Structures are given as C-alpha cells and as structure tokens.
Amino acid sequence: GSPQRQLKSGSLRTEDGANFLSDKSFRKDGTREREGLRLADGTYQIDFYFADGTRLERHQLVSADGKPLIEQVYRDNGALKGFTQVDATGKMTITTYYVDGKTESILLVPSTYYENTTATYYFPDGVTVSRKIEWTSYSTNADYFRQDGTRRLSYAESNYSSGSMVWIRYD
C-alpha cells in the first residue's frame, strides 16, 4: 500500500487573496501546530500548540493592519509564563511570571526611540524589587536591591561623547 498522506498546512483567504481568513498547520505526526482565525473586528488570532497538539503554548492577537496587540505564552502545565500587550500608541508592556504565577519582571518598551525603556525584576515573592534598569538614548542605569529592599549596587554607563562607566557598591 501507499503511505498515508498528511496535510501540512491550509488556509482560507479573502477573495482578493491579500488577507487570511483562517489558517492551520500540522506536524508530520498530524498533531496541530498552529491555527489562525480572522475575528469579526478584523483582528487575527493565532494559536500555537505544544507537541501534543492540544495544549496551548502561545496565543497572539494581531490588528487588522498586521501590528501586534497581545501575546500570551504558557508553560507546559498551562500556567501563564509571559504576557505582552501593545497599546494604541505602540508602547509595549512585557510581563513574565514565575512558575507559581507571581510576577518575575515587567519591561516597558516605548513607541519612540526618544522615550526610556525600563525593566523591573522581582524576587520570587513577586513583590520585592530585585533590580531596576533604565535605557535612554545615551545611557544605561541599573540599581540592584537586596531582599530587604536596600540598595546593593548601582551601575551607570554613558554612551554619549567619550562615554563613562560608574559602579557604586553599597555595604
């Protein structure tokens, strides 16, 4: 007999062929890898699956004009690992979570080059800040904290002109 064939991918498109209405991709073993669907408001929802083809690994929502709006990333056990959201101005907020669901980090990425990018990392309690980092057009600044909230170390680097680097350690 002949080997059984397996569909690798398929899609439905608008009449002009310019946009997807839906799409599906499968692995060689036939398990679902990806599914996409155009929603009534024009956004496009994309879901990626773990190797078993049933458990959701990543969920994305893209605007009608192709700009990212939301991404949710899941652990193998279904717990949320990360969440990214882009607002109307293009500012992106990326939040990661520890295995127990507590906040691990929050990264704020502005929509323009002239605004600062900031990252805040937390100890495993999800509340106490372990470090804060800020990137500007011309510098990087970081503060590291102890579990009790006191400052442990500061770092500043200037990328302007000749540049400089400063480390300050707190005892």
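Me: What makes K24 part of strand β2 in this predicted model?
Reply: Strands are DSSP runs of E with at least two residues. Strand β2 covers residues 20–26, and K24 lies in that run.

Me: Why is K24 called partly exposed?
Reply: Buried means under 20% relative accessible area and exposed means over 50%, with partly exposed in between. K24 has 41% relative accessibility, so K24 counts as partly exposed.

Me: How do you know which residues K24 is in contact with, leaving aside neighbours within four places in sequence?
Reply: Contact means heavy atoms within 4.5 Å. With those neighbours left aside, K8, S9, G10, R34 and E35 are in contact with K24.

Me: How far apart are K24 and D47 in sequence and in space?
Reply: In sequence, 23 residues separate K24 and D47. From C-alpha to C-alpha, K24 and D47 are 9.5 Å apart.

Me: Why are β6 and β7 said to pair?
Reply: Two strands pair if DSSP finds at least two bridges between them. Strand β6 (residues 68–74) and strand β7 (residues 80–86) have five bridges, in the antiparallel sense, so they pair. Q72 stands opposite F83 in β7. The hairpin of β6 and β7 has five residues between the strands, and G78 there takes a positive phi near 95 degrees.

Me: What makes β7 and β8 a pair?
Reply: The cut-off is at least two bridges. Five antiparallel bridges link β7 and strand β8 (residues 92–97), so these strands pair. T93 in β8 is the bridge partner of Q85. Five residues lie between β7 and β8 in their hairpin, where G90 in the turn has a positive phi of about 100 degrees.

Key
Residues are numbered from 1 along each chain as its sequence is written. This is a predicted model: local features need pLDDT of at least 70, side-chain atom pairs count only at pLDDT 80 or more; totals for chains, interfaces and linings use all residues. Side-chain values use heavy atoms; hydrogens and water are left out. Helices (H or I, at least four residues) and strands (E, at least two) are DSSP runs, numbered from the N terminus. Buried means under 20% relative accessible area, exposed over 50%, partly exposed in between (1.4 Å probe, protein chains only).
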